[in-house]
Amino acid sequence: MAVLILVLLLAASVAAASDDAYIGVNIGTDLSDMPHPTQVVALLKAQQIRHVRLYNADRAMLLALANTGIQVMVSVPNDQLLGIGQSNSTAANWVSHNVVAHYPATNITAISVGSEVLTSIPNAATVLINALKFIHSALVASNLDGQIKVSTPLSSSVILDSFPPSQAFFNRSWNPVMVPMLNFLQSTGSFFMLNIYPYYDYMESNGVIPLDYALFKPLPPNKEAVDANTLLHYSNVFDAMVDAAYFAMAFLNFTNIPVMVTESGWPSKGDSTEPDASLENANAYNSNLIRHVLNKTGTPKHPGIAVSTYIYELYNEDTKPGPISEKNWGLFDANGSPIYILHLTGSGMVLANDTTNQTFCTARDGADPKMLQAALDWACGPGKVDCTTLSQGQACYEPDNVFAHASYAFDTYYHQMGKDSESCDFNGVAAITTTDPSHGSCIFPGSVGKNGSLVNITAPSMNSTSSNSSGRNICSGGLTSVFMIIVVLIWSALFL
């Protein structure tokens, strides 16, 4: 048993130390009533957002983010690029004031140098490489180059012939910049940062790209796009663009630089010429994007290797110039109210943006059925969940499968524990969602029933046995967590 515990703890350590792909959020400031930095951070915490990208290095925002653990990407704005790219000392001064002065209290992990420089301000392209190198040199001088990566976000339009992905290549006119930039990224272990907007690809395709293909919606195999050279099947625009970037880098003999998507999203409102900028489509795209990244699906070229992605963006920006859609990419309004409630069953804690705090704990999509069965048995046994409603003839018996039954048991336990986030883990097979899983006469705890009343259950006292048998994350410390690991493993062994 001692060996068993050691193996489990080592596995937990490896899981905690792994660099899994994540979902982050961009924070724009083109609002007529921009919330105070402390309000912004409060929203981030409430939504379990652990990764943000700032378009600058605002001091007040960096101070508000201090000691939160939130990982922060700061940016060199385009209007400062020329000065930094022409002067090593200017770059060192920028790093000193905007990074060193805040680190490590503020968990700065990356610096984006400019934004879409090659396509938005091509005249500054000649100084881009120097700006990257000068910023990195300043980090080296401060011994921070191992903790903070440096790169520059590019528009996906720098990739030509993006479909089929295997034929993609960068606009050759940019090779004098692109080749040294990729050399820099490779030598420093940084990311190729790319902004991907399937909305615009769809709008500009004149009907060639189906809406469902742009929105990550499931497609039958005969509707998927096939790369004739590789025979890889593509079910969405996002994956095709990511793989196009990988193939374009490979065309220049760079094969080991990971892609990071620094902007992606879908507008929730548009004018009469933009009928597909809608709440429904924005919800579908962002919900499916989050699920796609966090489920570690990867791309057809790199299956299982998910791409960290920053959603564009946190707030609707009412002062942004341009068409109505430009003002409506946000997940929240200036008051912190969600523009729409994301459909995130199985995607964990991130962005559970339900201001009514109506959350549920359900089985994670793709979870191993044997692990689900073991966790279900634990919940209905040591977890002290009343599972009689799952019996044949009872309200929640149908559908009679382990996923549905486990979801009901997990949610009941989650509410018994006062919706403590750590109680919705069950050895990694459960996740918190804002989507009500109730169906027919099977009403889940916490659901607003047909009569509009809140269905809930009484949490046991903290002295009860069940409160000491919490299904918490295995990385949590203490004897309770170790006990939970052992119990779950013993139950799992019965089904493996």
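**Disulfides**

I started with the cysteines and found that a disulfide joins Cys 361 to Cys 424, with S to S at 2.1 Å. I took a disulfide to be a pair of cysteine sulfur atoms within 2.5 Å. The model is predicted, so I kept local features only at pLDDT of at least 70 and side-chain atom pairs only at pLDDT 80 or more, while totals for chains, interfaces and linings use all residues. Residues are numbered from 1 along each chain as its sequence is written, and side-chain values use heavy atoms, with hydrogens and water left out.

The torsion about the S-S bond of Cys 361 and Cys 424 is about 90 degrees, so I noted this disulfide as right-handed. Cys 361 lies in strand E14 (residues 360-363) and Cys 424 in the loop between H14 and strand E15 (430-433), so the pair ties together parts 63 residues apart in sequence. For the labels I used DSSP runs numbered from the N terminus: helices are H or I with at least four residues, strands are E with at least two.

Next I looked up accessibility, where buried means under 20% relative accessible area, exposed over 50%, and partly exposed in between (1.4 Å probe, protein chains only). Cys 361 is buried at 0%, and Cys 424 is buried at 7%.

I searched the whole structure and found 3 disulfides. Another one joins Cys 380 to Cys 387, S to S 1.9 Å. Its torsion about the S-S bond is about -85 degrees, so the link of Cys 380 and Cys 387 is left-handed. Cys 380 is partly exposed at 31% relative accessibility, whereas Cys 387 is buried at 15%.

Cys 396 and Cys 442 are also joined by a disulfide, S to S 1.9 Å. I read 100 degrees about the S-S bond of Cys 396 and Cys 442, a right-handed link. Cys 396 is in the loop between H13 and H14 and Cys 442 in the loop between E15 and helix H15 (479-493), so this pair ties together parts 46 residues apart in sequence. Both Cys 396 and Cys 442 are buried. With the bonded cysteines numbered in sequence order, I wrote the pairing as 1-5, 2-3, 4-6.

**Helix packing**

I described two packed helices by the angle between their axes and the distance between the axes. Axes are lines fitted to C-alpha atoms, for helices over the stretch in contact, and angles run from 0 to 180 degrees between N-to-C directions.

Helix H13 (residues 369-380) packs on helix H14 (residues 402-416) at about 40 degrees, with axes 9 Å apart. That makes H13 oblique to H14; angles under 35 degrees count as roughly parallel, over 145 as roughly antiparallel, 65 to 115 as roughly perpendicular and the rest as oblique. The crossing of H13 and H14 is left-handed, a term for the near helix being turned anticlockwise from the far one by less than a right angle, with clockwise being right-handed.

I listed the residues in contact, meaning heavy atoms within 4.5 Å. On the H13 side they include Leu 372, Leu 376, Trp 378 and Cys 380, and on the H14 side Phe 403, His 405, Phe 410 and Tyr 413. By class, I noted 13 nonpolar, 2 polar and no charged residues for H13 with H14. Ala, Val, Leu, Ile, Met, Phe, Trp, Tyr, Cys and Pro count as nonpolar, Asp, Glu, Lys and Arg as charged, and the others, Gly among them, as polar.

I then took helix H5 (residues 88-100) and helix H7 (residues 125-141), whose axes come within 8 Å and cross at roughly 55 degrees. That makes H5 oblique to H7. Their crossing is right-handed. In H5, Asn 88, Ala 91, Ala 92, Trp 94, Val 95 and Val 99 meet Phe 134, Ile 135, Ala 138 and Leu 139 of H7. The residues of the H5 contact with H7 divide into 9 nonpolar, 1 polar and no charged.

**Backbone**

I found a cis peptide bond between Tyr 103 and Pro 104, with omega about 5 degrees. Pro 104 sits in the loop between H5 and strand E4 (108-113). A cis peptide bond also joins Tyr 312 and Glu 313, omega about 0 degrees, and Glu 313 is in the loop between E13 and E14.

Phe 216 has a positive phi of about 70 degrees although it is not a glycine. I placed Phe 216 in the loop between helix H10 (211-214) and strand E10 (225-226), and it is buried at 12% relative accessibility.
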